[in-house]
Amino acid sequence: MESHKIWSNFYSSKNFDFYYPENWVARVFNSQNPISFLKKDFKNKKILDIGCGKGRNLKFLHSLGFQLFGLEIDKTIVSNLETS
């Protein structure tokens with residue numbers, strides 16, 4: 001089976017556990033150290049989530065003010081994005 005079909009099936013599964021957001025993403029954008037060089041004003045900044053899956057990080061990044069862009073290998077995965 002082609003890899004994009006495997007991922008499509010995975011993200012379409014009703015048994016997929018949806019964790020919000022990925023732990024390291026929250027740490028990077030919320031912490032003061034060790035990445036204190038990041039300005040905390042993310043409003044209208046653009047970010048691309050490559051391999052966004054069901055969009056778990058997109059919701060978190062949107063709450064910080066980012067303009068979002070996501071990329072996936074199959075349109076079936078994109079159609080299953082969690083948007084609410």
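User: In this predicted model, which residues are exposed on the other side of α3, away from the buried ones?
Analyst: The buried residues of α3 are Asn 57, Leu 58, Phe 60 and Leu 61. They cover an arc of only 165° around the axis, so they sit on the same side of α3. On the other side, the exposed residues are His 62 and Ser 63.

User: Against which elements do the buried residues of α3 pack?
Analyst: Asn 57, Leu 58, Phe 60 and Leu 61 are the buried residues of this helix. The elements that these buried residues pack against are α2, β1 and β2.

User: Are Phe 42 and Phe 66 buried or exposed?
Analyst: Buried means under 20% relative accessible area. Both Phe 42 and Phe 66 are classed as buried.

User: Which residue has a positive phi although it is not a glycine?
Analyst: Most residues other than glycine have a negative phi. Just after α3, Gly 65 takes a positive phi of about 110°, but that residue is a glycine. In the loop between α2 and β1 there is an asparagine, partly exposed with a relative accessible area of 47%. With a positive phi of about 65°, the residue asked for is Asn 44.

Notes: Residues are numbered from 1 along each chain as its sequence is written. This is a predicted model: local features need pLDDT of at least 70, side-chain atom pairs count only at pLDDT 80 or more; totals for chains, interfaces and linings use all residues. Side-chain values use heavy atoms; hydrogens and water are left out. Buried means under 20% relative accessible area, exposed over 50%, partly exposed in between (1.4 Å probe, protein chains only). Helices (H or I, at least four residues) and strands (E, at least two) are DSSP runs, numbered from the N terminus. The arc is that of the directions from the helix axis to the C-beta atoms. Contact means heavy atoms within 4.5 Å.
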